[in-house]
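Here is a short report on selected features of one protein model. Keep the structure open while reading.

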Amino acid sequence: MTAKGGATPSPGGAGPAAGNGRLFTVGLVTAWYSSNIGVLLLNKYLLSNYGFKYPIFLTMCHMSACALLSYAAIAWLRVVPMQLVRSRVQLAKIAALSLVFCGSVVSGNVSLRYLPVSFNQAVGATTPFFTAVFAYIMTVKRESWVTYLTLVPVVTGVIIASGGEPSFHLFGFIMCIGATAARALKTVLQGILLSSDGEKLNSMNLLLYMAPIAVIFLLPATIFMEDNVVGVTIELAKKDFTIVWLLLFNSCLSYFVNLTNFLVTKHTSALTLQVLGNAKGAVAVVVSIMIFRNPVSITGMLGYTLTVFGVILYSESKKRSNKP
């Protein structure tokens, strides 16, 4: 019975809102996957297939776009509240993180000149191994023996994949390992350097400050290490203006990788993010093989599968060990 004049609540009243929420989440995840895989494939196309052999300059373009678009998103669109840098010490810590970040992105882009995306992703999946190593060395943080045991298939899988990779290139492999290690180092450093409540920054604000500092680091590097890169790019643009649109689109896409990653993290659970993250690398591998038609071997794919399996076990072990 309802009170006189009262309205009976509809059992399906929350249906449209829930449906819209699910649709929004699916859209976010699709945008996250598309931007991540898109920038990876475009980097490969530019640096390897197109013949634009300037990974430092390409990274500087990415960081420039991230700096400009981060400011627009935070200062004008107010996607997140702006967090201010409180001291020179905090700025120095952000600069240190930016330097490591630069090393990771540049090394990853260099590796794409020599390695297929599929093998690049297989090596990149070993990030948990390097994270555990750096966490142990720098914070003396010990995980359970089960967690360390799950890293065995992670490393073993890459060793198997390396032996079975038809397009293996030693220098590209070293660069890819360096990029993966630097990415893990940044994660650990961020936890150490920006650990106090007054210094913590969300990922969008951290990118706002790191990106322009990265440009400052990369500008002299590209001038001295990539001979006449601006002149060569201008000459390429005169012959085929497509290169300008590719660089602009690729640079903007690199920002949307960070934006969609932030939004997916905000609007999904930790478990959902973990599952999606593990699947993303596999999707990138399949799409890259379909587009670039690079040769793959059964041994290489088995190695990659073993690595992904190890990453899933590692994530599950970490989740259980963090439970109170």
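Predicted model: local features only at pLDDT ≥ 70, side-chain atom pairs only at ≥ 80, totals over all residues.

Residue numbers start from 1 along each chain.

## Helices H3 and H7

Two packed helices are described by the angle between their axes and the distance between the axes. Helix H3 spans residues 88-114, and helix H7 spans residues 170-193. Their axes come within 7 Å. The crossing angle is roughly 160°. Angles over 145 degrees count as roughly antiparallel, so H3 is roughly antiparallel to H7.

What is the hand of the crossing of H3 and H7? H3 passes H7 in a left-handed crossing. Sorted by class, the contact of H3 with H7 holds 14 nonpolar residues, eight polar ones and three charged ones.

## Serine 118

Serine 118 sits in helix H4, which covers residues 117-124. Is serine 118 buried or exposed? Its relative accessible area is 6%. The cut-off for buried is under 20%, so serine 118 is buried.

Which residues does serine 118 touch, leaving out those up to four places away in sequence? They are Val285, Ser288, Ile289, Asn294 and Val296. With asparagine 294 there is also a polar contact. It joins the two side chains at 3.2 Å.

## Two loop residues with positive phi

Most residues other than glycine have a negative phi. Asparagine 228 has a positive phi, about 50°, although it is not a glycine. This asparagine 228 lies in the loop between helix H8 (203-225) and helix H9 (229-239).

Arginine 293 is not a glycine either, and its phi is positive at about 55°. Where is arginine 293 found? Its place is the loop between helix H11 (270-292) and helix H12 (298-321). Arginine 293 has a relative accessible area of 67%. The cut-off for exposed is over 50%, so arginine 293 is exposed.

## Alanine 279

Helix H11 also contains alanine 279. Relative accessibility here is 31%, so alanine 279 counts as partly exposed.

How far apart are the C-alpha atoms of alanine 279 and leucine 77? The separation is 31 Å. Along the chain, alanine 279 and leucine 77 are 202 residues apart.

Note on methods: Heavy atoms only, no water. Axes fitted to C-alpha atoms, helices over the stretch in contact; angles between N-to-C directions. Helix = DSSP H or I, 4+ residues; strand = E, 2+ residues; numbered from the N terminus. Parallel < 35°, antiparallel > 145°, perpendicular 65-115°, else oblique. Left-handed = near helix turned anticlockwise from the far one by under 90°. Nonpolar A, V, L, I, M, F, W, Y, C, P; charged D, E, K, R; others polar. Buried < 20%, exposed > 50% of the residue type's maximum accessible area, 1.4 Å probe, protein only. Polar contact = N/O pair within 3.5 Å; in protein donor to acceptor, adjacent residues only side chain to side chain. Contact = heavy atoms within 4.5 Å.
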